[in-house]
Amino acid sequence: MTYRSIKGTKDILPSETPLWQFAEQTIRDVFRQFNYKEIRTPVFETTSLFARSIGELTDIVGKEMYTFQDRSGDSITLRPEGTASALRAYIQNNLGESLPLTKVYYIGPMFRQERPQAGRLRQFHQFGAEAIGSPTAETDVEIIAMTLEIYKRLGITSYTLQINSVGDEECRPRYKEVLRTELLKIADKLSAESQKRISQNPMRVLDSKDENDKALTAGMPLITEYLNDECKAHFERVKGLLTAYGIPFTVNGRLVRGLDYYTKTAFEITSTELGSQDALAGGGRYDLLVKELGGKQTPGVGFAAGMERLMMILEKKGFQPPAQRPAVFLAAADEQSRDWVLKTTMELRSSGIAAECDLLSRSLKSQMKEADRQQAQFALVVGAMELETGTAVLKNLTDHSQQQIPLGTVAQFFTR
Ligand code: AMP
């Protein structure tokens with residue numbers, strides 16, 4: 001029996017991890033510069049946390065969650081996104097008590113049972129951030145600017161920012177009524193999925209991927225025309241700030257996103273360098289969510305972005321991360337010097353130097369081949385004679401220059 005990874009999951013191989021680590025480091029740098037602190041929550045939670053926050057009628061809750069009963073009979077779900085968990089932790093640990101504005105970020109795996117294809121996996125990774133406690137448009141724009149800064153930092157410029165306002169608990173119900181009335185007129189022509197959504201969540205119909213649905217709803221009224229004064233003012237301020245910061249955007253009145261918890265601002269970043277799964281990141285404001293999950297009324301805004309899709313673009317651009325390579329490969333010229341080589345390799349490592357030696361009892365020739373294969377910067381060849389004289393030749397494997405160094409100063413050579 002040979003085992004294979006489960007459909008829709010992917011090994012991130014040693015040849016790929018340098019790029020992942022480089023991107024993750026850049027992402028962490030940007031978060032730190034914007035003063036967001038990392039939060040790490042469990043990968044599984046009580047099912048109702050997600051059902052309640054993301055919305056029963058969304059694709060995620062309706063058909064994509066990995067939900068199972070554990071041995072105590074509790075319904076558990078592998079997290080399909082990060083916001084619900086972050087807010088649960090915020091409420092449970094009273095994070096808002098000591099800080100009026102809590103700024104957190106996360107990077108980690110998420111799980112959704114979607115149909116796997118390029119850029120769509122069942123275990124994928126997201127990085128994201130939440131600013132919990134601020135109702136201002138400035139915070140929305142900070143979140144958007146921070147997301148874009150990450151792509152900019154990684155040399156990605158081929159993206160489009162779309163924004164919308166999905167209203168609030170006062171103006172959205174009014175708009176939904178108008179939309180529902182319009183949709184009911186063409187209900188029999190819509191896809192079965194959209195028909196189901198008309199009564200409970202008509203805005204989802206505008207988000208339908210069905211081409212026929214899209215054509216039929218093309219002229220439908222948009223939420224942007226029905227915003228109340230507060231939502232309208234907020235949206236105007238967001239647009240004004242984006243313009244002031246020189247961030248190009250387009251308003252897409254049909255943008256509702258795949259999660260139901262948004263209020264006011266919603267946004268999505270897409271890239272033409274991706275295939276049909278072109279969404280790089282998305283986010284928005286969720287002023288009702290903390291209360292919905294049992295906390296005090298607290299406004300918030302956040303975003304989530306896909307790591308794999310970011311990797312796809314970086315790979316396509318031929319982006320070369322700094323390679324992980326030993327600073328020095330210590331080669332034993334004979335049997336007598338193997339112990340010294342091993343011991344010295346360990347000592348160099350303890351001094352913070354990336355050092356490697358042979359663990360396969362290979363010939364000197366094979367050891368030198370291995371030093372090249374590992375792209376070591378230097379090789380130090382030590383045999384009985386070198387141990388006796390106390391000096392050895394240090395070979396620079398890049399420019400092939402050589403120098404004689406005292407064996408007692410190897411560590412200093414690499415730490416100076
Ligand atoms: P969402 O939480 O659906 O708004 O997703 C945020 C981002 O996560 C998307 O823009 C994608 O970049 C990424 N993403 C979502 N679902 C998947 C998936 N199944 N596989 C890979 N990336 C995904």
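## Salt bridges and cores

At 42% relative accessibility, Arg237 counts as partly exposed. Keep in mind that the model is a predicted one. The side chain of Arg237 meets that of Glu138 in a salt bridge. This pair links distant parts of the chain, with Glu138 in helix H6 and Arg237 in helix H10, 99 residues apart. Glu138 is also partly exposed, at a relative accessible area of 34%.

Helix H10 also holds Lys239 and Glu236, which sit 3 residues apart, about one turn of the helix. Lys239 is buried at 18% relative accessibility, whereas Glu236 is partly exposed at 45%.

| Pair | Closest N to O distance |
|---|---|
| Asp358 and Arg338 | 3.1 Å |

Asp358 lies in the loop between strand S13 and helix H14, and Arg338 lies in helix H13, so their bridge ties together parts 20 residues apart in sequence. Both Asp358 and Arg338 are buried. They belong to a network of salt bridges with shared partners, which also takes in Glu335, Arg362, Glu370 and Arg373. The whole structure has 33 salt bridges.

Now for the nonpolar side. The largest nonpolar core has 79 residues, and Phe303 is among the members that touch the most others. Helix H6 gives this core its largest share, 9 residues. A second, separate core of 19 residues includes Val328 and Leu394.

Finally, helices H2 and H4 pack at about 110°, with axes 9 Å apart, and are therefore roughly perpendicular to each other.

How values were computed:
Residues are numbered from 1 along each chain as its sequence is written. This is a predicted model: local features need pLDDT of at least 70, side-chain atom pairs count only at pLDDT 80 or more; totals for chains, interfaces and linings use all residues. Side-chain values use heavy atoms; hydrogens and water are left out. A nonpolar core is a set of buried Ala, Val, Leu, Ile, Met, Phe, Trp, Tyr and Cys residues joined through side-chain atoms within 4.5 Å. Buried means under 20% relative accessible area, exposed over 50%, partly exposed in between (1.4 Å probe, protein chains only). Helices (H or I, at least four residues) and strands (E, at least two) are DSSP runs, numbered from the N terminus. Axes are lines fitted to C-alpha atoms, for helices over the stretch in contact, and angles run from 0 to 180 degrees between N-to-C directions. Angles under 35 degrees count as roughly parallel, over 145 as roughly antiparallel, 65 to 115 as roughly perpendicular and the rest as oblique. A salt bridge is a side-chain nitrogen of Lys or Arg within 4 Å of a carboxyl oxygen of Asp or Glu.
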